[in-house]
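Me: I would like to learn how to read some features of a protein model, going from helix packing to charged pairs and backbone angles. Could we take them one by one?

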Amino acid sequence: MNLYYTDGSANPNPGRGGWAVVLFTDKPKAGEGEVVASGAVNNATNIRMEGYALGAAIKEGEAAGKPYKIITDSQFWCNVLTKWAPGWEKRGWKKATSGEIQNLDLVQKLYELYKQAKPQVEWTRGHVGDPGNEAADEAANRARQQAA
């Protein structure tokens, strides 16, 4: 199974942002993994960069045509895709409580990709030594720095 680790970065937040997707074909080991997608954006936030990475991972996973899982340290995006967006969509893209849905344009785009592809999306705690998460973090920061 292909494992796609994703991460996003903005520094300052908001500011110049970068995102990356790192592919592992087996259990992640330090120094392994292939950056299969990355990019940078001006006037970005960490949340948007995390979302860009997830969208790219879904596209990469679908294009590869093999079973895959996406692993992210963004608990926000895991919750959006697997818990919150179905209800928001049913309510006409409104929250059950007051307030606007932040980053609605990206939420809608990612949720549509997610519904079509139905990938496994798993949350991992960031910055605790997971080699896949560390590789994605480094690649996202590199993308942000190289494009600055």
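**Reading the contacts of one residue, and what follows**

Reply: Let us start with a list of contacts: leaving aside residues up to four places away in sequence, R48 touches N103, D105 and L106. Keep in mind that this is a predicted model.

Me: Where does R48 lie, and is R48 buried or exposed?

Reply: R48 lies in helix 1, which spans residues 46-64, and with a relative accessible area of 18% R48 is buried, because the cut-off for that word is under 20%. One of its contacts is polar, in that the side chain of R48 meets the side chain of N103 at 3.0 Å.

Me: How should I read a pairing of charges, and which residue forms a salt bridge with R48?

Reply: The general idea is that side chains of opposite charge can pair when their charged atoms come close. Here D105 forms a salt bridge with R48, and the closest N and O atoms are 3.0 Å apart. This pair links distant parts of the chain, since D105 is in helix 3 and R48 in helix 1, 57 residues apart. D105, with a relative accessible area of 49%, is partly exposed, whereas R48 counts as buried at 18%.

Me: How many salt bridges does a search of the whole structure find?

Reply: The search finds four. Among them is the bridge between K69 and E122, whose closest N and O atoms are 3.2 Å apart. K69 lies in strand 4 (residues 68-72) and E122 in strand 5, so this pair ties together parts that are 53 residues apart in sequence. K69 counts as buried at 17% relative accessibility, while E122 is partly exposed at 36%.

Me: Which residue forms a salt bridge with E112, and how are the two placed along the helix?

Reply: E112 forms a salt bridge with K115, with 3.5 Å between the closest N and O atoms. The two are three residues apart in helix 3 and are therefore separated by about one helical turn. E112 counts as partly exposed at 36% relative accessibility, and K115 is partly exposed as well, with a relative accessible area of 29%. Salt bridges that share partners join E89, E112 and K115 into one network.

Me: How do I describe the packing of two helices, and at what angle do the axes of helix 2 and helix 3 cross?

Reply: Two packed helices are described by the angle between their axes and the distance between the axes. In this model the axes of helix 2 (residues 75-90) and helix 3 (residues 104-117) come within 10 Å and cross at roughly 95°. Angles of 65 to 115 degrees count as roughly perpendicular, and so helix 2 and helix 3 are roughly perpendicular to each other.

Me: Which residues of helix 2 meet which residues of helix 3?

Reply: From helix 2 the contact takes in W77, V80, L81, T82, A85, P86, W88 and E89, and these meet L106, V107, L110, Y111, Y114 and K115 in helix 3. By class, the residues of this contact divide into 11 nonpolar, one polar and two charged.

Me: What is phi of N43, and what is phi of K118?

Reply: Phi of N43 is near 50°, a positive value in a residue other than glycine, and phi of K118, likewise positive in a residue other than glycine, is near 55°. N43 lies in strand 3 (residues 34-44) and counts as exposed at 74% relative accessibility. K118 is found in the loop between helix 3 and strand 5 (120-123), and at 66% relative accessibility K118 counts as exposed.

Me: Finally, is S9 buried or exposed, and which side chain does the side chain of S9 join in a polar contact?

Reply: S9, whose place is in strand 1, counts as buried at 8% relative accessibility. A polar contact of 2.8 Å joins the side chains of S9 and N141. Not counting residues up to four places away in sequence, S9 touches R16, G17, G18, N46, M49, A140, N141 and R144.

How values were computed. Residues numbered from 1 in each chain as written. Predicted model: local features only at pLDDT ≥ 70, side-chain atom pairs only at ≥ 80, totals over all residues. Heavy atoms only, no water. Helix = DSSP H or I, 4+ residues; strand = E, 2+ residues; numbered from the N terminus. Buried < 20%, exposed > 50% of the residue type's maximum accessible area, 1.4 Å probe, protein only. Polar contact = N/O pair within 3.5 Å; in protein donor to acceptor, adjacent residues only side chain to side chain. Contact = heavy atoms within 4.5 Å. Axes fitted to C-alpha atoms, helices over the stretch in contact; angles between N-to-C directions. Parallel < 35°, antiparallel > 145°, perpendicular 65-115°, else oblique. Nonpolar A, V, L, I, M, F, W, Y, C, P; charged D, E, K, R; others polar. Salt bridge = Lys/Arg side-chain N within 4 Å of Asp/Glu carboxyl O.
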